[in-house]
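Hi,

Here is the structure I promised to pass on.

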Amino acid sequence: MRFHSRKWVKPEDLNPNGTLFGGRLLEWIDEEAALYTIIQLENSRIVTKYISEINFMSSAKEGDIVELGMEVTKFGKSSLTLKCEARNKMTRETILTVDNIIMVNLNEHGKPTPHGKTEVEFVKDRLK
Ligand SMILES: CC(=O)SCCNC(=O)CCNC(=O)[C@H](O)C(C)(C)COP(=O)(O)OP(=O)(O)OC[C@H]1O[C@@H](n2cnc3c(N)ncnc32)[C@H](O)[C@@H]1OP(=O)(O)O
């Protein structure tokens, strides 16, 4: 799994317990999944269709750095299935894992459309 982005836990990201608010982390993950999908599918009209069980295993506190990792587990016809892990860079603990995030490629009418991709592509290879 590649960890593409990092987030800094700020006061506005905390819950009343003083730790990272779960909803904020899910927002970060959804955005990261969307950005990853847009880049892979080369289409900005994509949506999140389904997110499987989310297992919160540990947390983060103010000032901690959270890393978000994504991995493609399946290329469907119009869909892309991702696996995700969020980990705390300070404690080295896994904060949560999500086994399946299903993203769907849409056409200009907002309907699912084949993306034609079958493997992960790297931007550096596209430039050749
Ligand atoms: C980044 C964001 O936050 S986006 C905002 C939040 N998301 C949204 O607003 C999306 C709202 N939902 C929708 O617009 C519609 O449900 C759509 C366009 C995503 C899908 O429409 P549907 O008519 O259900 O699509 P359809 O049945 O053709 O399925 C499309 C693909 O999703 C897959 N899929 C649909 N439902 C599920 C599900 N519950 N679990 C897993 N995969 C699913 C299908 O297998 C299909 O994949 P494939 O083409 O690779 O075989």
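**What I found**

Of the 128 residues in the protein chain, 38% count as buried. Keep in mind as you read that this is a predicted model.

**Overall layout**

The protein chain has 2 helices and 6 strands. Starting at the N terminus, the order of elements is β-α-β-β-β-β-β-α. The C-alpha trace spans about 45 × 30 × 20 Å along its principal axes.

On the annotation side, an unreviewed UniProt entry lists residues 1–109 as "domain: HotDog ACOT-type". In the model, that span is 18% helix and 45% strand, and its end C-alpha atoms are 33 Å apart.

**The largest pocket**

I'd go here next in the viewer. The volume of the largest pocket comes to about 190 Å³. Its lining is made up of Arg2, His4, Ser5, Glu32, Leu35, Tyr36, Ile39, Gln40, Val120, Glu121, Phe122 and Val123.

Which elements supply at least two residues each of that lining? They are strand E1 (2–8) and helix H1 (22–41). H1 gives the largest share, with 5 residues. Sorted by class, the lining holds 6 nonpolar, 3 polar and 3 charged residues.

**Rings and charges**

The count of aromatic pairs is 0. There is a charge over a ring, though: Arg87 sits over the face of Phe3, 3.5 Å from the ring centre.

**Two loop residues with positive phi**

Glu42 is not a glycine, yet its phi is positive, at about 55°. You'll find Glu42 in the loop between H1 and strand E2 (46–51). Is Glu42 buried or exposed? With a relative accessibility of 51%, Glu42 counts as exposed, because the cut-off for that class is over 50%. In space, the C-alpha of Glu42 is 9.6 Å from that of Lys117, and the two residues are 75 apart in sequence.

Arg92 is the other one to check. This residue, again something other than glycine, has a positive phi near 65°. Arg92 belongs to the loop between strand E5 (79–88) and strand E6 (94–105). Its relative accessible area is 76%, so Arg92 is exposed.

Glu53 is in the loop between E2 and strand E3 (54–56). Its relative accessibility is 73%, which means that Glu53 counts as exposed. Going by C-alpha atoms, Glu53 and Phe21 are 17 Å apart, with a sequence separation of 32 residues.

Glu31, by contrast, is part of helix H1. How accessible is Glu31? Its relative accessible area is 45%, so Glu31 is partly exposed; that class covers values between the cut-offs of 20% and 50%. Between the C-alpha atoms of Glu31 and Thr48 there are 9.5 Å, and along the chain these residues are 17 apart.

**If you open it in a viewer**

Here is the order I'd follow:

- Helix H1, which supplies 5 residues to the lining of the largest pocket and also contains Glu31.
- The loop between E5 and E6, for Arg92 and its phi near 65°.
- Arg87 over the face of Phe3.

Send me your thoughts once you've been through it.

Cheers

Definitions and conventions:
Residues numbered from 1 in each chain as written. Predicted model: local features only at pLDDT ≥ 70, side-chain atom pairs only at ≥ 80, totals over all residues. Heavy atoms only, no water. 1 Å grid on protein atoms, 1.4 Å probe; cavity = no way out; pocket = protein on both sides within 12 Å on 5 of 7 lines; lining within 4 Å. Points joined across faces, edges and corners; volume = space filled by probe spheres on them. Helix = DSSP H or I, 4+ residues; strand = E, 2+ residues; numbered from the N terminus. Nonpolar A, V, L, I, M, F, W, Y, C, P; charged D, E, K, R; others polar. Phe/Tyr/Trp six-rings, centres within 6.5 Å; stacked < 30°, edge-to-face > 60°. Lys NZ or Arg CZ within 6 Å of the ring centre and 35° of its normal. UniProt positions renumbered as here; feature names shortened; annotations may be inferred. Buried < 20%, exposed > 50% of the residue type's maximum accessible area, 1.4 Å probe, protein only.
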